[in-house]
Amino acid sequence: MSEPIFVAFATQKGGVGKSTLTTLVASYLYYNEGIEILAVDCDHPQHTLDTYRKHDFTVVAENPYLKKLTHSFFQKFKRKLYRILLTPPEDAVQVAKDYIAEGHEPAVVFFDITGTINNRHIVGLLAQMDYIFVPITTETGEMTSSLTFANHVQNKMLTTGNTRLKAVNLVWNKIPSREKTKLCETIDRYAATLGLHSLDTVMVNSTKFAKDGQQVGRTGMFRSTMLPPDKRLMKGTNLEALVSEIRNIIKV
Ligand SMILES: Nc1ncnc2c1ncn2[C@@H]1O[C@H](COP(=O)(O)OP(=O)(O)OP(=O)(O)O)[C@@H](O)[C@H]1O
Ligand SMILES: [Mg+2]
């Protein structure tokens, strides 16, 4: 079996979309493309992915439409939910390795990390990733913060050679269109002068990203740890293109 690829969506600012993109990409790879994945929730003590999973169980149990959908999905899928392991950042890699040593064979391990680099445990964890994707938005504070973070990882960590890191890529998130805006393109040109690259795919700003199931009604789930993103909700979000571009980079 080949070594699992360690991936993190990371940046120091909160609310840019790390946990959301982690869940969407992980769920799409697992439930739509059948790729074995493991999620390690090191966002200690918030544990966002675990909170999402608990929420998913609640809404599926309480909404008859989602319950039926989940039942028929798993009858065909014939596999369990992917695991979400909880750990403080300093133990995260060991926790993943122990899980793999038990005989599990994830092709990709996603680490959901707290937004900070002023912590040696988090820096140590980032250095053990194969690929880091840095969400960036066009909001000035978030944009500056993501560029500073990506520049630090690219030019202080990646180039020193003391890491597993193979590539750092910016990912535009919460963009008002399906294409890069003029501002994205201007910032891309500046980022390129720092040696930074951004993905071609941009993630659209849409209320769909918060659609994680309701207790009533027949609306599907977009961001779920238990089901693939609802096909109708996926339209116009660029999620398929994002997954495909990421698969090309991480070679999975
Ligand atoms: N493309 C998008 N369009 C609209 N809303 C989005 C998009 N991406 C993320 N969001 C929303 O932004 C909020 C913050 O996202 P998320 O929790 O993923 O950020 P985070 O970077 O993980 O934050 P933290 O650092 O606190 O862990 C959530 O309410 C999420 O639904
Ligand atoms: Mg988060």
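Select R79 and E36 first. These two residues form a salt bridge, and their closest N and O atoms lie 2.6 Å apart. Keep in mind that this is a predicted model.

R79 sits in the loop between α3 (64-77) and β3 (84-86). E36 sits in the loop between α1 (18-32) and β2 (37-41). The two residues are 43 residues apart, so this pair links distant parts of the chain.

Move on to K180 and D188. Here is another salt bridge, with 2.7 Å between the closest N and O atoms. Check D188 against the surface. D188 is buried, because its relative accessible area is 15%.

Next, select D212 and R223. Their closest N and O atoms are 2.7 Å apart, and the pair forms a salt bridge. Where do the partners sit? Both D212 and R223 lie in the loop between β7 (197-198) and α8 (231-234), 11 residues apart.

Last stop: select D130, R164 and K166 together. What links these residues? A network of salt bridges joins D130, R164 and K166.

Zoom out to the whole model. How many salt bridges are there? The count comes to eight. Among them are R79 with E36, K180 with D188, and D212 with R223.

Conventions. Residues numbered from 1 in each chain as written. Chains lettered and ligands numbered in written order. Predicted model: local features only at pLDDT ≥ 70, side-chain atom pairs only at ≥ 80, totals over all residues. Heavy atoms only, no water. Salt bridge = Lys/Arg side-chain N within 4 Å of Asp/Glu carboxyl O. Helix = DSSP H or I, 4+ residues; strand = E, 2+ residues; numbered from the N terminus. Buried < 20%, exposed > 50% of the residue type's maximum accessible area, 1.4 Å probe, protein only.
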